[in-house]
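Subject: Structure handover

Hello,

Here is the structure you are taking over. Please open it first, then read on for what was found in it.

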Protein chains: 2
Amino acid sequence: MSDERNQRHNSRMARKKEVVDAKIAQASQERGVLLVHTGNGKGKSSAAFGVLARALGHGHSAAVIQLVKSRSDTGEEGFFRQQPNVKWHVMGEGFTWETQDREKDLRAARAAWEQACVYLADPAIDLVILDELTYAFKYGWLELDAVLAAFAARPPHQHVIVTGRAAPEALVAAADTVTEMGMVKHAFQAGVAAMPGIEF
Amino acid sequence: MSDERNQRHNSRMARKKEVVDAKIAQASQERGVLLVHTGNGKGKSSAAFGVLARALGHGHSAAVIQLVKSRSDTGEEGFFRQQPNVKWHVMGEGFTWETQDREKDLRAARAAWEQACVYLADPAIDLVILDELTYAFKYGWLELDAVLAAFAARPPHQHVIVTGRAAPEALVAAADTVTEMGMVKHAFQAGVAAMPGIEF
């Protein structure tokens, strides 16, 4: 590596620092944010659980509600249930193609949303994770307007994360940060089973 | 909700279950996978830390190496350092535009990679997370071929997660699961500061 390359790099980085610093100076609001993790790729729920770990590291309190999942043997649940400051609720009935019972799915989603509303009104909860909430809109289990109203009325410092495919437009519009997890490829397509510690 | 809608839903789900079950039956290999989280959106590192929590919930052992990050006050580090079965190394020198010193960045990346190689050869480690590794290729700190060779030679059950923007094509080709975290929007653009518990 030549000195010249190093010098070019170093002066380019000095210019970049000015630009980055100016942007950081402009971002000065401090408040709770609404995050949405959507798309067909892996990582929507795991990114929410990574943020949960991060929040706990800062001494925050959090609540997690899983709306579709019914299994209680996942690594994330086993792990986070042992942590103080986390409330964990598995309130789904399983995938819709497993239950094959729309009335049952609907009742489960409404019960989950009632529980969510308790946390969304509680200033002692710093982070609320609503895992797979978007399916509640796809299947008509919940009214999007009522959900957005509850988000808007939450304590100002409270963060919310919503996960699930096909986030509705109005949810994206209401959110502060939205990531589309796009599937470039998935091990499952190549014949690899869902591995414990990776997929659940 | 009419009975008719429920019945239509239930029979559609019965058909879907057949398709899903057939795909699951075909995915029967059990082995370590290489995951890549790339793209410009939020969630690359947090999804890796969520998978880490999941793995720990299954009693797995893990090692995390942060290649660019130099700060040691993040929520994730504070949290995971308290957990048994996690080795955590912050081995970066900070963003390239902060160091403005290519030689220093290069030395740090090579030291981090040496540490990574120890874990990639250790069958007692179930999961290795190489956070922000892709920047090592962008800036020419590491040779991609050597990195891919070390991945290929790792213990067969070991999972690896690589994060960072602009994953090189050959890394994507070698990976089992690749997610492109696309930025739809980010709170930072709307003037919200990096919030503890969310961004770090």
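Start with Ser61(A). This residue sits in the loop that runs between helix H2 (44-57) and strand E2 (62-66) of chain A. Please keep in mind throughout that the model is predicted. Ser61(A) counts as buried because its relative accessibility is 19%, and the cut-off for buried is under 20%. Leaving aside residues up to four places away in sequence, Ser61(A) touches Asn85(A), Ala124(A), Ile125(A), Asp126(A) and Leu127(A).

**Asn85 in both chains**

One of those contacts, Asn85(A), deserves a look of its own. Asn85(A) is not a glycine, yet its phi is positive, about 75 degrees. Most residues other than glycine have a negative phi. Asn85(A) lies in the loop between helix H3 (75-80) and strand E3 (86-90) of chain A. With 40% relative accessibility, Asn85(A) counts as partly exposed.

Now turn to chain B. Asn85(B) also has a positive phi of about 75 degrees without being a glycine. Its place is the loop between H3 and strand E3 (86-90) of chain B. Asn85(B) is partly exposed, at a relative accessible area of 41%.

**The strands**

Take strand E1 (residues 34-38) of chain B next. Is this strand mostly covered or mostly open? Mostly covered: five of its five residues are buried. Leu34(B), Val36(B) and Thr38(B) point one way from E1(B), while Leu35(B) and His37(B) point the other way. Both sets are buried.

E1(B) has these strand partners. Strand E5 (residues 159-163) of chain B runs parallel to E1(B), and four bridges join them. There, Leu34(B) stands opposite Val160(B). E6(B) also runs parallel to E1(B), again with four bridges. In that pairing, Val36(B) faces Val178(B).

In chain A, strand E1 (residues 34-38) and E6(A) pair in the parallel sense over four bridges. Leu35(A) stands opposite Thr177(A) of E6(A).

**Where the chains meet**

Strand pairing also crosses from chain to chain. Strand E6 (residues 177-185) of chain A pairs with E6(B) in the antiparallel sense, over seven bridges. Which residue of E6(B) is the bridge partner of Met181(A)? The partner is Met181(B). Met183(A), in turn, stands opposite Thr179(B).

Now the whole interface. On chain B, 82 residues are in contact with 82 residues of chain A. The size of an interface is often given as the accessible area lost when the parts come together. Here the two chains bury about 7,100 Å² between them, and 61% of it is on carbon and sulfur atoms.

The count of residue pairs in polar contact between chain B and chain A is 44, with both residues at pLDDT 80 or more. Several elements of chain B give two or more residues to the side that touches chain A, including helix H5 (102-120), helix H8 (169-174) and strand E6 (177-185). The largest share, 13 residues, comes from H1(B). By type, the residues on that side of chain B divide into 35 nonpolar, 27 polar and 20 charged.

**Salt bridges**

How many salt bridges does the structure hold over all chains? It holds 17. Four salt bridges are counted between chain B and chain A. One pair to look at is Lys17(A) with Glu98(B), whose closest N and O atoms are 3.0 Å apart.

Within chain A, the side chains of Arg71(A) and Asp73(A) meet in a salt bridge at 2.6 Å, N to O. Arg71(A) is partly exposed at 38% relative accessibility. Asp73(A) is partly exposed too, at 43%.

Within chain B, Asp21(B) and Lys17(B) form a salt bridge, with the closest N and O atoms 2.8 Å apart. The two are four residues apart in helix H1 of chain B, so about one helical turn separates them. Asp21(B) is partly exposed, at 32%. Lys17(B) is partly exposed as well, at 23%.

Glu199(B) and Lys42(B) also meet through their side chains, at 3.7 Å, N to O. Glu199(B) lies in the segment after E6 of chain B and Lys42(B) in the loop between E1 and H2, so the pair ties together parts that are 157 residues apart in sequence. Glu199(B) is partly exposed, at 26%, whereas Lys42(B) is buried, at 9%.

Finally, salt bridges that share partners join Lys17(A), Asp21(A) and Glu98(B) into one network.

Best wishes

Key. Residues numbered from 1 in each chain as written. Chains lettered and ligands numbered in written order. Predicted model: local features only at pLDDT ≥ 70, side-chain atom pairs only at ≥ 80, totals over all residues. Heavy atoms only, no water. Contact = heavy atoms within 4.5 Å. Buried area = accessible area lost by both parts, 1.4 Å probe. Polar contact = N/O pair within 3.5 Å; in protein donor to acceptor, adjacent residues only side chain to side chain. Nonpolar A, V, L, I, M, F, W, Y, C, P; charged D, E, K, R; others polar. Pairing = 2+ DSSP bridges. Buried < 20%, exposed > 50% of the residue type's maximum accessible area, 1.4 Å probe, protein only.
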